[in-house]
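Me: Please show me the model, and then let me ask what lies behind the words used to describe it.

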Amino acid sequence: MIVAILSLALLGLFLGLGLGVADRIFKVETNPFIAEVESMMPGSNCGQCGFPGCAAAARAIVEGEAAVTCCPPGGKNLAAALATRLGVSIDLSQVKDDGPKIAVVAEELCIGCCRCSKVCPTDALIGAAKQIHDVLREACTGCSSCIEKCPTEALTMKPVPVTLQHWIWPKPIAA
Amino acid sequence: MSLNTATLPAPAVAPHVSGAGSVTRTMLIVQAALLPATLYGFWLYGWPAIFLFLLTVGACVFFEFFCLRLAGKAPAAHLLDGSAVLTGWLLALTLPPWAPWWVAVVGGLLAIVFGKHVFGGIGQNPFNPAMVARVALLVSFPIPMTLWVAPLPITAANAPGILEGLRIMLGSLPIPDAVSSATLLGHAKTELSRGVDLLHSLGAAHGPMLSLIGERSGSLGETAAWLILGGGLAMLFLGVISWHIPLAMLAGIALPAAIGHAGNPARYLDVGSHLLSGGVMLGAFFIATDYVTSPSTAPGKLIFGFGCGFLTYVIRTWGGYPEGVAFAVLLMNTLTPVIDRFTMPRILGRDRRGQPLSIKS
Amino acid sequence: MGFFEKIFSSHWGVHPDDHKRPAADVPVLRLPVPPRLFVPLAQHVGAAARPRVVVGQKVLKGECLAEAQGNISAPIHAPTSGTILAIDEITAPHPSGLPLLAVSIAPDGDDRWFDCQGLGDPFAESPQAIAKRVADAGVVGLGGATFPSSVKLALGLRSGIDTLIVNGSECEPYLSCDDRLMRDKALSIVNGVRVMLHSSGAKQALVGIEDNKPEAIAAMREAAKPYGEVKICPVPARYPMGSDRQLILELTGREVPSDARAADVGVIVHNVGTANAVYDAIYRGRPLISRLITLNGGAMGAPGNYEVLIGTTVADVVAYAGGFKGDPARLIMGGPMMGTVLPHARVPVVKGTAGILAFSAAEVAEQEARNCIRCGSCIKACPMGLMPLEMAANIRAEKLDGAEKLGLADCIACGCCAYVCPSNIPLVQYFSYAKGALSAQTRAQLRQEATKKLALSRQERLDRENREKVEAAARRKAERAAQAAKASESAPAEAKAAVKEAVNEAVKEAVKEGASA
């Protein structure tokens, strides 16, 4: 019996040492995730997350300083994708996401002050000084940077309208 | 998460007609196929067997109800699909006919709770629930699970009456020594381990001829091998099961048995004894063919069936237990997902490896 | 199916109850012109047609209302003479109930044709000329796929096909419009087929007709007798025999690779209705403005086949045909296996409408879905060799990529799997949802790449503006310095040149400063 105890203890010791050595020798220094996470971000550098651009936000997320839910234009989809990629568990019910949204200008309220078009990260707002502005639907990422800039509240976020071409069947409810 | 659907409630989806039977219909056909053998077993073994059967089925239904309530599902609708009753029925057919009541109850618990609902309910279990229960019972309670009785037809003079039968099942009356007996396989293995070869041990009392009529000891589902076979063929013709698993499993036992017996008849049992004793017929037609735990593709079914049969033969001949069907089925259940993956059908327009076909110009 | 058939024959597909008769045996009735017509602009695969009429304009029957836009498109024509009332939205004949742009016409009652010129001898024309005429007539696949037929004919010619398959199988239960067309207009169909042979370059035409239509087979055989290149081939009645991959396999033994088209194996497939439309377009010069549709179902008043103008609302069609028998439990456009449910009857009949079914509550398969018991019936039924139960299990767990690896893109959504499922699992809905979600993901990916480019170009624009601002400021500063230097007028030419150089230097410096700021 003594022999059995001794041999098992020695085996455990040996294997544990091996694991420790492997951790030192084979440690991965650089983090290849950052570039990958950055490619998943919207890339419009809107600044809504509080970081100076998507690259900085990607670094912060990978290093754990920012939550995966920090990107408003990315919404639930991006948060879920990041959570899966990074192996983090998140409570998606806390993320406010009612679907993709785009900005819409109420033409009767717009005074043409151009404050909104200056901050749009993708130049989706077009219009000259003292002219009514409008939003290019294909360019708008839904980052909402323009909303607070408008002095007359002419800008609102509306859900992307569903068209016949883009309608998809809902998922069946499982038994 | 569907982001682009209209705000109307989900529209009805094609197809708008259905040609399917229902799960309940399938279960009813299986139970009807089992009925002749079960009634014959009742006649052979008398009242204790009847009570044991009723208690096993009842315990399974009770635990199913309990689990469904726990899962928050409406019990009535799901109980009606008949799967719990079928599990109990099959389990009862594999138990010793005069086993005590607690074997039935523990068996029900093991089958339904640990064999099925722990994995998510119907359709989610990787192992056959009845076999999980049987194996767990056999390993945990070897004595009651191997205490076989010789057939004592219900009409015989010294057969226990209703009350006596109830008391035997409830354990208050011990099984009379004169009645207990060993199964053919059990006897053969015991004698072989004692050095007595088959030609001498299998006398008239255990001759294979008796297996045909079933007038020998065994579990409820074992003795009436021909009735089980008949029920199995009925299910085959009604399209409830396909021929692949039963044929492959019987071949998996018959082929090695034929080779072995031809080589050394003193050591290896003949094909007839193998096929007609133990749970082979029940296993081939009712247990290995369980939809949930067997492969879905035809080649996969053949591999699965053959594996079950072959493993049964190996366990019976060289293993520690005289009967191997339950172990064999469980072992092959572990391989079912792998078999499914490697026997996927060929998609039209693609080759076996899944690449698009090349265009022959 | 019997025990032996299971072993010895290929058993893909299902055999639903036919329900085609007595509707198939009733003679065709032509609907009169309805009080209003709503002709949608997008009735075909590809880009919607662009309107070329204005509100208030008077049009003749067969006049072009909207032109094809792009290569894959088709024009739309007026189904009757009358006045254009509006070009606005109507509910689309689609389960979502979303709107669709349509030209709304008020008929004037005269039903006057515009000047149609048919071709005396189509075989004297070039294949391209024939294809152009077919395109201008707005002929699209009338089997339901509505692919522009001229594009398919041109593709056939380009690919050097040898066989034209004409699809007369009509495998969907309840529908019989193709059956009736073959019985009544066999000669037109055969002539249409011959024109298509000429236009596509194919050497032979194989007309596949299911064997549950003996009258149609006889009529077509009679009509095709003088023409050896048109062969009538009865096929076993099995759903989905009319699916093009299955029909090609059955008639020619060729298997279309999953990443290729039928033309790549030397075959194109056209519906018999399309052949008839080609006949009308070429021999009579008439565009596609009406079609045969089947009205059937337990709740349909007078089941039968009706010739209907495109743009007639379903409500008008059913009202003429005797109304409903009680309240239909479900209104379906198409067949019961793949047809789409209609939100209500005020939707227009379009080029792809093969039939309208009004199901009573007894006929509808309305049952709650249960858990999958892995019985494998769906695998046996699938005509494409997929494993529907595995794909659905992946989709249920939101593993859409897993489902794609199992062959989701090869699914033809025929409905055989859901038809045989004993647990009533809506398998087709799982696959439609997954296909839609995956394409939405691809669209989102493309959109993200596009907006990234936009953000980058905005940054470049801002940088450029910044640079220009700094250059302009430096230039102004240097010019002011030059003005001051000019005050001493007697500055010699070299001094002026030196000043200019100094200005340029100053600008360069300022730009460098500005850039490094």
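**Burial and overall form of chain C**

Reply: Of the 517 residues in chain C, 52% are buried, a residue being called buried if 20 or more other C-beta atoms, placed from the backbone, lie within 10 Å of its own, exposed if 12 or fewer, and partly exposed in between. This is a predicted model, in which local features need pLDDT of at least 70 and side-chain atom pairs count only at pLDDT 80 or more, while totals for chains, interfaces and linings use all residues. Residues are numbered from 1 along each chain as its sequence is written, and chains are lettered from A and ligands numbered from 1 in the order in which they are written.

Me: What makes Ser199(C) buried rather than exposed?

Reply: Ser199(C) has 30 other C-beta atoms within 10 Å, so it is buried. The residue is found in helix H5 (residues 186-200) of chain C, where helices (H or I, at least four residues) and strands (E, at least two) are DSSP runs numbered from the N terminus. Setting aside residues up to four places away in sequence, Ser199(C) touches Pro127(C), Ile130(C), Ala131(C) and Leu153(C), a contact meaning that the C-beta atoms lie within 7 Å. Pro127(C) is 72 residues away along the chain, yet its C-alpha atom and that of Ser199(C) are separated by 4.0 Å.

Me: How many helices and strands does chain C have, and why is it called more spread out than a compact globule?

Reply: Chain C has 15 helices and 17 strands. Its radius of gyration, 31 Å, is well over the 24 Å that the globule rule gives for 517 residues, so chain C is more spread out than a compact globule; the radius is taken over C-alpha atoms, and the rule is 2.2 Å times the number of residues to the power 0.38. Taken along the principal axes, the box filled by the C-alpha atoms of chain C is roughly 110 × 60 × 50 Å.

**The sheets**

Me: Which strands of chain C form the open sheet of six, and why do S1 and S16 stand at its edges?

Reply: The order is S1-S14-S13-S17-S15-S16, with mixed pairing. Strand S1 (29-30) and strand S16 (340-341) of chain C each have a single partner strand, so one side of each is left without a neighbour in the sheet. Helix H4 (residues 177-184) of chain C packs on this sheet and touches strand S13 (290-296), S14 and strand S17 (355-359) of chain C, its direction making about 125° with that of S13(C).

Me: How do you know that S1(C) and S14(C) are paired?

Reply: Strands pair if DSSP finds at least two bridges between them, and two bridges join S1(C) to strand S14 (residues 304-309) of chain C, the two running parallel. Leu29(C) has Tyr306(C) as its bridge partner in S14(C).

Me: What makes S11 and S12 of chain C the edge strands of their sheet?

Reply: This open sheet of four strands has the order S11-S10-S9-S12 (chain C), with parallel pairing. Strand S11 (230-235) and strand S12 (267-271) of chain C each pair on one side only. From one strand to the next the twist averages 25°, with axes fitted to C-alpha atoms (for helices, over the stretch in contact) and angles running from 0 to 180 degrees between N-to-C directions. Strand S9 (residues 163-168) of chain C is joined by six bridges to strand S10 (residues 204-210) of chain C, and the two run parallel; Leu164(C) stands opposite Ala205(C) in S10(C). H5(C), which holds Ser199(C), lies across S9, S10, S11 and S12 of chain C at about 150° to S9(C).

**Contacts with the other chains**

Me: What makes up the side of chain C that touches chain B, by class?

Reply: Here 57 residues of chain C are in contact with 38 residues of chain B. The largest share of this side of chain C, five residues, comes from H14(C). By class, the side has 35 nonpolar, 13 polar and nine charged residues, where Ala, Val, Leu, Ile, Met, Phe, Trp, Tyr, Cys and Pro count as nonpolar, Asp, Glu, Lys and Arg as charged, and the others, Gly among them, as polar.

Me: Which element of chain C gives the most to the side that touches chain A?

Reply: The contact takes 23 residues from chain C and 20 residues from chain A. H14(C) gives the most to this side of chain C, with 13 residues. The classes on that side are 11 nonpolar, eight polar and four charged residues.

Definitions and conventions. Two residues are in contact if their C-beta atoms, placed from the backbone, lie within 7 Å.
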